[in-house]
Amino acid sequence: MAKLTTEELLDAFKELTLIELSEFVKKFEETFEVTAAAPVAVAGPAAAGAAPAEEVEEQTAFDVVLEAAGDKKIQVIKVVRELTALGLGEAKAVVDGAPKAVLEGATKEAADKAKAALEEAGATVTLK
């Protein structure tokens, strides 16, 4: 078998779909008894470069935490149902179990909208 150059291999990989490439990686890992995830993590940014990446991740993912339902519990339950697509029983359990996360890992924009909607309904909300 002729030896392929790095460029030829890259060109071949570019033609694969993500599923085909994933299957290739699994076969490669099995054949050579290695894990593709470990070398990527080691070859990633140095320790000094890793900290800013983590900060960016923390800044873009927010948890919307319902601290208290307030006086208008029914309105808050309705808003929780709209935000999460939970059923009535599950939404009531979230409101009754306050403080409890309503949304986790939401974007800044989605978290702000959810916070505003919950506060408008009478709830006390924090973003984490």
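Me: Which residue just after H7 takes a positive phi?
Reply: That's Gly 122, with a phi of about 110 degrees. Keep in mind that this is a predicted model.

Me: OK, and H7 itself, how many residues does it have?
Reply: H7 has 13 residues. From its first C-alpha to its last it reaches 18 Å, close to the 18 Å expected at 1.5 Å a residue.

Me: Which residues of H7 are buried?
Reply: Ala 111, Ala 114 and Leu 118 are the buried ones in H7. Looking down the axis of H7, you'd find its buried residues within an arc of 65 degrees, so they line one face of the helix.

Me: What's on the face turned away from that buried side of H7?
Reply: Exposed residues: Glu 109, Lys 113 and Glu 120.

Me: And what do the buried residues of H7 pack against?
Reply: They pack against E1, H5, E2 and strand E3, which is 124-127.

Me: Let's hop to H5 then. What span should H5 have, and what does the model give?
Reply: H5 covers residues 73-84, so that's 12 residues, and at 1.5 Å a residue they should span 16 Å. The end C-alpha atoms of H5 are 16 Å apart, which agrees.

Me: Which residues of H5 are buried?
Reply: Val 76, Ile 77, Val 79 and Val 80. Down the axis of H5, its buried residues fall within an arc of 165 degrees, so these line one face of the helix too.

Me: What covers them?
Reply: The cover for the buried residues of H5 includes strand E1 (62-68), helix H6 (88-96), strand E2 (100-106) and helix H7 (108-120). On the face of H5 turned away from its buried side, you get the exposed residues Ile 74 and Glu 82.

Me: What follows H5?
Reply: Ala 85, and its phi is positive, near 60 degrees.

Me: Zooming out, how many helices and strands does the protein have?
Reply: Seven helices and three strands. From the N terminus on, the order is α-α-α-α-β-α-α-β-α-β.

Me: How much of the protein counts as buried?
Reply: 16% of its 128 residues. The protein exposes about 9400 Å², and carbon and sulfur atoms supply 59% of that.

Me: What about contacts along the chain, what share joins residues at least 24 apart?
Reply: 64%, counting contacts between residues at least 6 apart in sequence. On the topic of separations along the chain, take Gly 97 and Glu 67: they're 30 residues apart along the chain, and their C-alpha atoms are separated by 9.2 Å.

Me: Where does Gly 97 lie?
Reply: In the loop between H6 and E2.

Me: New topic: which residues make the nonpolar surface patch?
Reply: Leu 16, Phe 24, Val 25, Phe 28, Phe 32 and Val 34 make a patch of about 490 Å². Leu 16 lies in the loop between helix H1 (6-14) and helix H2 (18-32). At 32% relative accessibility, Leu 16 counts as partly exposed.

Me: How far apart are the end C-alpha atoms of H2?
Reply: They're 21 Å apart, and that agrees with the 21 Å its 15 residues should span at 1.5 Å a residue. H2 is followed by Glu 33, which has a positive phi, near 50 degrees.

Technical notes. Residues are numbered from 1 along each chain as its sequence is written. This is a predicted model: local features need pLDDT of at least 70, side-chain atom pairs count only at pLDDT 80 or more; totals for chains, interfaces and linings use all residues. Side-chain values use heavy atoms; hydrogens and water are left out. Helices (H or I, at least four residues) and strands (E, at least two) are DSSP runs, numbered from the N terminus. The expected span of a helix is 1.5 Å times one less than its number of residues. Buried means under 20% relative accessible area, exposed over 50%, partly exposed in between (1.4 Å probe, protein chains only). The arc is that of the directions from the helix axis to the C-beta atoms. Contact means heavy atoms within 4.5 Å. Accessible areas come from the Shrake-Rupley method with a 1.4 Å probe; for residues, only the protein chains shown count as cover. Patches are made of residues with over 30% relative accessible area and no salt bridge: like charges are joined within 9 Å, nonpolar side chains (Val, Leu, Ile, Met, Phe, Trp, Tyr) within 5 Å. A salt bridge is a side-chain nitrogen of Lys or Arg within 4 Å of a carboxyl oxygen of Asp or Glu.
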